[in-house]
Amino acid sequence: QVQLVESGGGLVQAGGSLRLSCVLSGRSFDDIAMGWFRQFPGKEREFVATVSWSGDRTYYTDSVKGRFTISRDNAKNTVYLQMNSLKPEDTAVYYCAAGARYRLGYPARTLNEYRYWGQGTQVTVSS
């Protein structure tokens, strides 16, 4: 059974930082892209960041560039999202996702590029 377990969400003041973690179990980790998405109330889930299967390529949505950093530790089957300079508009439920394709050669930025999803973790940024 494949599982993604997220942790690290919470309440933080504007300008603060949080680090989200997500552990994959039940399948191999080092041959698929990993990503983070977020969902605002009443909105569709949207792309935040992705890291390639090899860990050497990352891609971000424009609104988080320069503030968020995605990384992975293949030895720990874990993907991270370091979020700095947080803003109230970053408040959302954040989801980690595991890619659907073996060794994808381009950034996985859409929902259908991912096969497995975490349960979501709430991030709330107060002003």
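**Disulfide, strand pairing and cores in a predicted all-strand model**

A disulfide joins Cys 22 to Cys 96, with an S to S distance of 1.8 Å. Cys 22 belongs to strand S3 and Cys 96 to strand S9, so the pair ties together parts that are 74 residues apart in sequence. Both cysteines are buried, and the structure, which is a predicted model, holds 1 disulfide.

The protein contains 0 helices and 11 strands. For its 127 residues, a compact globule would have a radius of gyration near 14 Å, and the value of 14 Å computed for the protein agrees with this. The C-alpha trace spans about 40 × 30 × 25 Å along its principal axes. Buried residues make up 43% of the 127 residues. The accessible surface comes to about 6,400 Å², and 46% of that surface belongs to carbon and sulfur atoms. Among contacts with a separation of 6 or more, 59% are accounted for by residues 24 or more positions apart.

Strand S4, which covers residues 34-39, is mostly covered, with 5 of its 6 residues buried. S4 pairs with strand S5 (residues 46-51) in the antiparallel sense over 5 bridges. These two strands form a hairpin with 6 residues between them, and Gly 42 in the turn has a positive phi of about 75°. S4 also runs antiparallel to strand S9 (residues 92-99), to which it is joined by 6 bridges. Phe 37 illustrates both pairings: its bridge partner in S5 is Phe 47, while its bridge partner in S9 is Tyr 95.

The largest nonpolar core comprises 28 residues, of which Met 34, Trp 36, Val 79, Leu 81, Met 83 and Tyr 94 touch the most other members. At least two residues of this core are supplied by each of S3, S4, S5, strand S7 (68-73), strand S8 (78-83), S9 and strand S11 (121-126). Another core, of 7 residues, lies apart from it and includes Ala 33, Phe 37, Ala 97 and Ala 108. When residues up to four places away in sequence are not counted, Leu 81 touches Leu 18, Arg 19, Leu 20, Trp 36, Val 48, Ala 49, Phe 68, Thr 69, Ile 70 and Tyr 94.

Ser 21 is placed in strand S3 (residues 18-25). Its relative accessible area is 14%, and Ser 21 is therefore buried, the cut-off being under 20%. With neighbours within four places in sequence left aside, Ser 21 is in contact with Val 5, Glu 6, Ser 7, Trp 36, Thr 78, Val 79 and Tyr 80.

Leu 11, by contrast, lies in strand S2 (residues 10-13). This leucine has a relative accessible area of 65% and is therefore exposed, the cut-off being over 50%. Beyond its neighbours within four places in sequence, Leu 11 is in contact with Thr 124 and Ser 126. Leu 11 and Thr 124 are 113 residues apart along the chain, yet their C-alpha atoms are separated by 4.7 Å.

Note on methods: Residues are numbered from 1 along each chain as its sequence is written. This is a predicted model: local features need pLDDT of at least 70, side-chain atom pairs count only at pLDDT 80 or more; totals for chains, interfaces and linings use all residues. Side-chain values use heavy atoms; hydrogens and water are left out. Buried means under 20% relative accessible area, exposed over 50%, partly exposed in between (1.4 Å probe, protein chains only). Helices (H or I, at least four residues) and strands (E, at least two) are DSSP runs, numbered from the N terminus. Two strands pair if DSSP finds at least two bridges between them. Contact means heavy atoms within 4.5 Å. A nonpolar core is a set of buried Ala, Val, Leu, Ile, Met, Phe, Trp, Tyr and Cys residues joined through side-chain atoms within 4.5 Å. A disulfide is a pair of cysteine sulfur atoms within 2.5 Å. The radius of gyration is taken over C-alpha atoms; the globule rule is 2.2 Å times the number of residues to the power 0.38. Accessible areas come from the Shrake-Rupley method with a 1.4 Å probe; for residues, only the protein chains shown count as cover.
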